[in-house]
Amino acid sequence: RNIRCIAVITAMLLASLSFRAQPHKRAEALSAVDSLVQRMRGSTGCARTRILIDTEDANAFLIASEWSDHDAAEAFFTSREFQIFRGVRILMRDEPLIVLDDVRSRITRLLRN
């Protein structure tokens, strides 16, 4: 077979923060989100963070982040850095939503031809 296992990672927390920006405030919202993501990436326990834009709604965003554990994620989401992000809700159409998924294991594979 052409599939090779690269790594097995155990116990992580995936945090998904979704929101929709007001169309006329999109640039401002992206600036605030970019700043948040930079702080998130530097936080203890954050392994990876990505900003995703919905292909059907250019004003809908998802910040996907991977954390070493629940405590690390909770520390960030209750921190002053995150509270600053909460202050820019006036740029959003709806309240931001955070979903936390507890992942017990992950297998990463390379797909080869």
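Biologist: Let's start with helix 2 (residues 70–77). Which of its residues are buried?

Modeller: Ala72, Ala73, Phe76 and Phe77 are the buried ones in helix 2. Because they cover an arc of only 125° around the axis, they sit on the same side of helix 2. The general idea is that an α-helix has 3.6 residues a turn, so residues three or four places apart point the same way. Buried means under 20% relative accessible area, exposed over 50%, and partly exposed in between (1.4 Å probe, protein chains only); the arc is taken from the directions from the helix axis to the C-beta atoms. Helices (H or I, at least four residues) and strands (E, at least two) are DSSP runs, numbered from the N terminus.

Biologist: And what should I keep in mind about the model itself?

Modeller: It is a predicted model, in which local features need pLDDT of at least 70 and side-chain atom pairs count only at pLDDT 80 or more, while totals for chains, interfaces and linings use all residues. Residues are numbered from 1 along each chain as its sequence is written, and side-chain values use heavy atoms, with hydrogens and water left out.

Biologist: Good. Which residue caps the N-terminal end of helix 2?

Modeller: That is Asp69: one of its side-chain oxygens lies 3.1 Å from the backbone nitrogen of Asp71.

Biologist: How many helices and strands are there in the protein?

Modeller: The protein has three helices and four strands, and from the N terminus on they run β-α-β-β-α-α-β. Of its 113 residues, 30% count as buried.

Biologist: Which residues touch the most other members of the largest nonpolar core?

Modeller: A nonpolar core is a set of buried Ala, Val, Leu, Ile, Met, Phe, Trp, Tyr and Cys residues joined through side-chain atoms within 4.5 Å. Here the largest one has 24 residues, and Leu36, Met40, Ile63, Trp67, Phe77 and Phe85 touch the most other members. Strand 1, helix 1 (26–41), strand 3, helix 2 and helix 3 (80–86) each supply at least two residues of this core. Helix 1 gives the largest share, six residues.

Biologist: Take Met40, then. Leaving aside neighbours within four places in sequence, which residues is Met40 in contact with?

Modeller: Contact means heavy atoms within 4.5 Å. By that reading, Met40 is in contact with Cys46, Thr49, Ile63, Ser65, Trp67, Phe76 and Phe77, neighbours within four places aside. For the protein as a whole, among contacts between residues at least 6 apart in sequence, 73% join residues at least 24 apart.

Biologist: Now the rings. How many aromatic pairs are there?

Modeller: Rings of Phe, Tyr and Trp (its six-membered ring) pair if their centres lie within 6.5 Å; planes under 30 degrees apart count as stacked, over 60 as edge-to-face and the rest as tilted. The count comes to six aromatic pairs. In one, the centres of Phe19 and Phe61 are 5.3 Å apart with planes at 25°, so the pair is stacked. Since Phe19 lies in strand 1 (residues 3–20) and Phe61 in strand 3 (residues 60–67), the pair ties together parts that are 42 residues apart in sequence. Both of these Phe residues are buried. Elsewhere, Trp67, Phe76, Phe77 and Phe82 form one aromatic cluster.

Biologist: How many salt bridges are there?

Modeller: Side chains of opposite charge can pair when their charged atoms come close. A salt bridge is a side-chain nitrogen of Lys or Arg within 4 Å of a carboxyl oxygen of Asp or Glu, and the count here is four. One of them joins Asp57 and Arg20, whose closest N and O atoms are 2.9 Å apart. Asp57 lies in the loop between strand 2 (46–53) and strand 3, and Arg20 in strand 1, so the pair ties together parts that are 37 residues apart in sequence.

Biologist: And how far apart are the closest N and O atoms of Arg48 and Glu66?

Modeller: They are 3.7 Å apart in that salt bridge. The pair links distant parts of the chain, with Arg48 in strand 2 and Glu66 in strand 3, 18 residues apart. Arg48 counts as partly exposed at 40% relative accessibility, whereas Glu66 is buried at 13%.

Biologist: Where is Ser79 found?

Modeller: Ser79 is in the loop between helix 2 and helix 3. Its side chain makes a polar contact of 3.2 Å with the side chain of Glu81. A polar contact is a pair of N or O atoms within 3.5 Å; within protein, one must be able to donate a hydrogen and the other to accept it, and residues adjacent in sequence count only if both atoms are side-chain atoms.
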